[in-house]
Amino acid sequence: DKYNLTDQQKRFVAEKVKGKTNTQAALASYEVSSLQSAKVIGSNLMDNPKVKMAIEELMEHHGLTRSYRIQKLKNHVDHRDPTVSLKGIGHELPIR
């Protein structure tokens with residue numbers, strides 16, 4: 001393992017690449033006692049440079065490059081149908 005991630009961190013990375021939020025990915029990857037705990041875990045994991053690099057690398061591997069994600073989001077935001085454009089605005093994609 002290039003990034004020396006734990007099994008839970010690897011699962012978190014996989015869940016993020018599937019499009020889950022930090023909290024959802026933490027809930028799927030860790031045994032947590034509350035939603036608040038999942039939020040904290042998800043936030044802390046996203047502050048970990050190795051986790052962020054692993055997410056980016058896996059996304060790139062699946063063709064989800066940064067420019068692709070930005071264009072996809074732009075298509076949603078600029079859509080003529082307001083229900084689609086609002087979904088695009090509210091959609092979380094790790095574009096950073």
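Q: So, Lys 2: buried or exposed?
A: Lys 2 counts as exposed, because its relative accessibility is 62% and the cut-off for exposed is over 50%. Keep in mind that this is a predicted model.

Q: Okay, and what does the side chain of Lys 2 meet in a salt bridge?
A: Its partner is Glu 57, with 2.7 Å from N to O.

Q: How accessible is Glu 57, then?
A: Glu 57 is partly exposed, at 38% relative accessible area.

Q: How many salt bridges does the structure hold?
A: There are 4. One of them is between Arg 11 and Glu 15, whose closest N and O atoms are 3.2 Å apart.

Q: Where are Arg 11 and Glu 15?
A: Both are in helix α1, and they're 4 residues apart, which is about one turn of the helix.

Q: Which of those are buried or exposed?
A: Arg 11 is partly exposed, with a relative accessible area of 43%. Glu 15 counts as buried, because its relative accessibility is 3% and buried means under 20%.

Q: Which residues do the shared partners join into one network?
A: Arg 11, Glu 15, Lys 18 and Lys 20 are joined that way, through salt bridges that share partners.

Q: Switching topic: which residues touch the most other members of the largest nonpolar core?
A: That core has 15 residues, and the ones touching the most other members are Leu 5, Phe 12, Val 13, Leu 45, Val 51, Ala 54 and Ile 55.

Q: Which helices supply this core?
A: α1 (7–17), α2 (22–29), α3 (35–46) and α4 (49–61) each give at least two residues to it. The largest share, 4 residues, comes from α4.

Q: Last one: what does Leu 5 touch?
A: If you leave out residues up to four places away in sequence, Leu 5 touches Lys 10, Val 13, Lys 50, Val 51 and Ala 54.

Notes: Residues numbered from 1 in each chain as written. Predicted model: local features only at pLDDT ≥ 70, side-chain atom pairs only at ≥ 80, totals over all residues. Heavy atoms only, no water. Core = buried A, V, L, I, M, F, W, Y, C linked by side-chain atoms within 4.5 Å. Buried < 20%, exposed > 50% of the residue type's maximum accessible area, 1.4 Å probe, protein only. Contact = heavy atoms within 4.5 Å.
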